[in-house]
Amino acid sequence: MNEQEKTTMNIIEPEGLSSCGADSGTWCGQALTRVLIGMTLTGLTLNVLCLNYILPAIGMVFLLVGLRALRRENAGFKGGYVIAIIRTFYITVWMILDTTIYADVLTGTTAAVVLTLFNLVIVLAQVVCLWSGLKALRQKAGFEAKCGAAAALIVWNVVLCALGVMNWSGWIVFGIIMIVLYIIIMRRLFALAGELDNAGCTITPVPVRVKDWQLVLSLAVLLAAGMVCGYAFGGSYPMEWTPLDNSAQAEVQSTKAKLLELGFPEAVLNDLSAEDIASCEGATQILSRTEDKPVNDGREVTTQTGENSYQIDTVYDAKELRLTGVAVRVKQTDGTERWIIFHHFLWTQPMNYYGTEAVQLWPSGQSDWWPDGDATGRVLCGRDGQTLTAAYHSLGMQDTFTTDFFGNSQSSSNLTGTFSMPRGSENQRGYVCLPIQIAQEDTYVNSWVNYTHQNTWVQYPARTARDSMWSSSAFKTVQFALQFDATEGRMLY
């Protein structure tokens, strides 16, 4: 081969295996190495710094480019290339969806199970295609037509998929054994690629319209554009905002006047729906408490307390959220009594970010007091000179699961409301109303509210305030308690 021919070989994108000879070059080893790097990266799951998303995505690019070069060699590599295209599309779509709050919409549904099984099937199919392609390639290179390492990789993936389907969580020793086996298998496959290199297997230089770097750049641009759109348009709940109509409150004016007379905070009362005001008919007592809470990290102030001692305090220059708890004692028509609890929130300063919000009542009932009907409520805000109102995006009981250091799981069920405020709004506020029944004697009601605000869009994958109350730096949760003696009718704190 003269110098001009070698130069031509180096500038043309390689596709297809031409021959196996001592002077044929090393294109085959390069393509196989890319495929094996891709297999390694897609098989890694490191749940730190988003590597469980980044590494598989990079791995799919290596698989796509490597199998693209080998696809014309045999049916195995061609099938693997088709699957690589499907998996690349699948991963790209899910990476974009993970920038929105809709990524978990399918969780727990039949569609989610189908997609999970589909993903497992195509992963196994791709490993089978690799095994078939390597066997044919070894035979063409003059070796025995078998590939034990690729067959072992098939068995390894079958075992892993079976454990995943069973949701197995057992001994850590078994997990270590699986990792060691994976490393051994991949080392043997990389060695096999070296053997084919030494045999002189090359790829025929065939002109292509889209070069590898152009393909990779196009995928990166597509992914980036999709993620930007996801963060821009998929980060808040759809809400049906309508102008506030207080005409229905004319029918409950007498009840409203009675509540004001008993001490119901007027600012809170004005936000209640006519139905919730009417539920307080027959009120005999009002207990309430208000506190302003910061929804920011504050600033640290260092004070010298001695010659060599200092005290660091966090000072909040602003307390943006006003939380009010109101308990209404109501005498019913049958002579019995019950309490109605209202938890109200009001932003006294503009929100710093409009994403997802959540308000959670904790607990929603205990052995000596319990809910006596469905929770109600609504959210309100001001925009363009008028007051708008909307129902919560969701308002109901939510099961929460927590796991301690020793792996023990605990579940709890709490009343949770989710919502989003419109951009450019002001005076954002809302409430939750929960009627309760109490035991006859010595009942202390401790009704806590956890308000969670989203401070920033910077999070991946994107999660909602409801799902990330305590587990993400993108959210800030503040607590407030309404605690009273329901028997004697007095505030505890």
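Is Glu488 buried or exposed? Some notes on that and on other contacts, bearing in mind that this is a predicted model.

1. Glu488 first. With a relative accessible area of 54%, Glu488 is exposed. Its side chain meets that of Arg490 in a salt bridge, 2.8 Å from N to O. Arg490 comes out at 37% relative accessibility, so it counts as partly exposed.

2. Searching the whole structure gives 12 salt bridges, and one of them is Asp271 with Arg429, at 2.9 Å from N to O. Asp271 sits in the loop between helices H10 (266-269) and H11 (274-278), while Arg429 belongs to strand E15 (residues 426-438); the pair links distant parts of the chain, 158 residues apart. Both Asp271 and Arg429 are buried.

3. Asp372 and Arg338 make another salt bridge, with the closest N and O atoms 3.2 Å apart. Asp372 is in the loop between strand E10 (369-371) and strand E11 (376-383), and Arg338 is in strand E8 (residues 337-347), so this contact ties together parts that are 34 residues apart in sequence.

4. On to the rings. There are 14 aromatic pairs in the whole structure. Take Tyr231 and Trp457: they pair edge-to-face, 4.9 Å centre to centre, with 65° between the planes. Tyr231 lies in helix H8 (residues 212-233) and Trp457 in the loop between strand E16 (444-454) and strand E17 (475-485), so the pair ties together parts that are 226 residues apart in sequence. Tyr231 counts as buried at 18% relative accessibility; Trp457 counts as partly exposed at 45%.

5. Phe345, Trp347, Tyr392, Phe419 and Tyr451 form one aromatic cluster. Arg71 lies over the face of Tyr81, 5.2 Å from the ring centre.

6. The unreviewed UniProt entry lists several spans as "transmembrane region", among them 79-97, 171-190 and 215-234. In the model, residues 79-97 are 100% helix, with end C-alpha atoms 27 Å apart. Residues 215-234 are 95% helix and 0% strand, and their end C-alpha atoms also lie 27 Å apart.

7. Last, the surface. Ile172, Val173, Ile176, Ile177, Val180, Leu181 and Ile184 make a nonpolar patch of about 640 Å². Ile184 lies in helix H7 (residues 172-198), and at 52% relative accessibility it counts as exposed.

Notes
Residues numbered from 1 in each chain as written. Predicted model: local features only at pLDDT ≥ 70, side-chain atom pairs only at ≥ 80, totals over all residues. Heavy atoms only, no water. Patch = residues over 30% accessible without salt bridge, like charges linked within 9 Å, V, L, I, M, F, W, Y side chains within 5 Å. Areas by Shrake-Rupley, 256 points an atom, 1.4 Å probe, with all protein chains shown as cover. Salt bridge = Lys/Arg side-chain N within 4 Å of Asp/Glu carboxyl O. Helix = DSSP H or I, 4+ residues; strand = E, 2+ residues; numbered from the N terminus. Buried < 20%, exposed > 50% of the residue type's maximum accessible area, 1.4 Å probe, protein only. Phe/Tyr/Trp six-rings, centres within 6.5 Å; stacked < 30°, edge-to-face > 60°. Lys NZ or Arg CZ within 6 Å of the ring centre and 35° of its normal. UniProt positions renumbered as here; feature names shortened; annotations may be inferred.
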